[in-house]
Amino acid sequence: MPLSKANLSVGDQHSEQVVDNLTRTQIIQYAGASGDYNPLHTDEIFTTKVAGYPTVFAHGMLSMGLTGKMLTNYVGDGRLTNYGVRFVSQVWPGDSLTATATVEDIREEDGVSLVDLSVSTINQDGAEVVKGTATARIDD
Amino acid sequence: MATDHFPIEAGHIMLFARSIGDDNPIYHDANAATGTEPGHVIPPPTFVQASAQFTDGYVLRPVVGEPWFGSGKEPTGVKRESSGGGGGTGFHAEQHYEYHAPIQPGDVLKAVDKPGNSWSREGRRGGTLKFNESITEYYNQDGVLVVTARSVGVQTSRVVE
């Protein structure tokens with residue numbers, strides 16, 4: 001259900017766990033679907049022996065996609081007008097991520113009601129991995 | 001990410017939605033999608049990133065007959081020049097989307113790259129950080145701007161700790 005202006009207040013929050021125990025297989029699924037085959041995300045031997053990381057890690061765009069799932073569940077299908085993030089920390093296999101949207105403003109632009117959201121996704125240790133903003137159309 | 005031909009396909013949207021763990025029927029069930037506000041299957045908000053599949057010469061996709069930098073017999077298929085112990089890596093630092101008009105299976109998008117800014121600063125974990133911005137505009141088959149994407153990449157001078 002899309003959000004409505006009448007039922008929203010600045011400071012409202014919506015949180016979802018968007019992945020529990022991220023698997024290497026899911027990272028591979030993302031590589032295959034997105035077309036980003038960088039071995040840093042899928043190739044343990046390259047990543048540890050050549051690139052020098054402890055193991056493979058998720059595409060930033062996978063954490064943005066996971067975070068986007070929370071947003072579309074909250075604001076409704078096809079309602080986003082803007083969505084942007086900064087990739088703050090790496091996401092590793094085994095991580096569990098919780099994404100949160102917070103209502104920052106409720107406004108009108110050209111006769112359309114909009115909600116501005118801040119977005120933050122944290123891992124199981126409370127470290128922020130994705131930080132961003134989103135705007136969505138809402139009902140009156 | 002420029003391409004003249006990014007076909008929006010239902011199966012591709014389904015696979016992309018699965019990869020982000022999203023089982024919302026609007027991404028895979030055309031019948032269920034008719035009862036939603038958009039009224040048709042739509043892609044998830046980050047889907048246009050998959051235009052990489054249709055971008056000629058995209059560097060993070062193996063090319064038939066050419067060496068690939070991932071592992072095979074050896075940990076990498078490409079001998080790197082000695083970099084003086086660098087070990088730096090390119091990362092995706094930021095991604096921003098503006099959504100202008102709906103997308104659905106059957107659409108064929110055209111992606112046009114626009115130049116962005118470049119800047120650098122000292123980072124805490126990865127040495128000197130060089131940032132590069134790129135802007136991609138996605139137009140549909142009717143010439144309507146559907147999505148604007150702004151991407152910021154960063155090159156680190158050493159392994160991020």
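Leaving aside neighbours within four places in sequence, which residues is L71(A) in contact with?

**Figure 1. Contacts of L71(A) in the nonpolar core.** This is a predicted model. Leaving aside its neighbours within four places in sequence, L71(A) is in contact with L80(A), Y83(A), A101(A), V119(A) and A134(A). The largest nonpolar core has 64 residues. L71(A) and A134(A) have the most contacts inside that core. Helix α3 (residues 60-75) of chain A gives the largest share of this core, eight residues.

**Figure 2. Helix α3(A) and its end.** Of the 16 residues of α3(A), 15 are buried, and the helix is mostly covered. The 16 residues should span 22 Å at 1.5 Å a residue. The end C-alpha atoms of α3(A) are 22 Å apart, which agrees with that expectation. G76(A) comes just after the helix and takes a positive phi of about 100 degrees.

**Figure 3. Helix α1(A) and what covers it.** Buried residues in α1(A) are I27(A), Y30(A), A31(A), A33(A) and S34(A). How can residues such as these share a side of a helix? An α-helix has 3.6 residues a turn, so residues three or four places apart point the same way. The cover over the buried residues of α1(A) includes α3 of chain A. It also includes α1 (10-19) of chain B. Just after α1(A), a positive phi of about 90 degrees is found at G35(A).

**Figure 4. The side of chain A that touches chain B.** Chain A brings 41 residues to the contact, and chain B brings 41 residues. On the chain A side, β1 (13-19), α1 (24-34), α2 (44-50), α3 and β2 (80-87) each supply at least two residues. The largest share of this side, nine residues, comes from α3(A). By class, the residues of chain A that touch chain B are 20 nonpolar, 15 polar and six charged.

**Figure 5. Strand pairing across the two chains.** β2(A) and strand β2 (residues 90-99) of chain B run antiparallel, joined by five bridges. Y83(A) stands opposite Y97(B) in β2(B). Y83(A) is also in contact with L71(A).

**Figure 6. The open sheet.** The sheet has 10 strands with antiparallel pairing. The strand order is β1(A)-β3(A)-β4(A)-β5(A)-β2(A)-β2(B)-β5(B)-β4(B)-β3(B)-β1(B). Why is one side of β1 of chain A, and of β1 of chain B, left without a neighbour in the sheet? Both stand at the edges, each with a single partner strand, so one side of each has no neighbour there. From one strand to the next, the twist averages 25 degrees.

**Figure 7. β1(A) beside β3(A).** β1(A) pairs with strand β3 (residues 97-109) of chain A in the antiparallel sense. Six bridges hold this pairing. Q17(A) has T98(A) in β3(A) as its bridge partner.

**Figure 8. I122(A) in strand β4(A).** I122(A) has its place in strand β4 (residues 112-122) of chain A. Is I122(A) buried or exposed? I122(A) counts as buried, because it has 20 C-beta neighbours inside 10 Å. Not counting residues up to four places away in sequence, I122(A) touches T98(A), A127(A), E128(A) and V129(A). I122(A) and V88(A) are 34 residues apart along the chain, and their C-alpha atoms are separated by 9.9 Å.

**Figure 9. D4(B) in strand β1(B).** D4(B) lies in strand β1 (residues 3-7) of chain B. D4(B) has 11 C-beta neighbours inside 10 Å and therefore counts as exposed. C-alpha to C-alpha, D4(B) and Y138(B) are 9.8 Å apart in space. In sequence, D4(B) and Y138(B) are 134 residues apart.

Key. Residues are numbered from 1 along each chain as its sequence is written. Chains are lettered from A and ligands numbered from 1 in the order in which they are written. This is a predicted model: local features need pLDDT of at least 70, side-chain atom pairs count only at pLDDT 80 or more; totals for chains, interfaces and linings use all residues. A nonpolar core is a set of buried Ala, Val, Leu, Ile, Met, Phe, Trp, Tyr and Cys residues joined through C-beta atoms within 7 Å. A residue is buried if 20 or more other C-beta atoms lie within 10 Å of its own, exposed if 12 or fewer, and partly exposed in between; C-beta atoms are placed from the backbone. Helices (H or I, at least four residues) and strands (E, at least two) are DSSP runs, numbered from the N terminus. Two residues are in contact if their C-beta atoms, placed from the backbone, lie within 7 Å. Ala, Val, Leu, Ile, Met, Phe, Trp, Tyr, Cys and Pro count as nonpolar, Asp, Glu, Lys and Arg as charged, and the others, Gly among them, as polar. Two strands pair if DSSP finds at least two bridges between them. The expected span of a helix is 1.5 Å times one less than its number of residues. Axes are lines fitted to C-alpha atoms, for helices over the stretch in contact, and angles run from 0 to 180 degrees between N-to-C directions.
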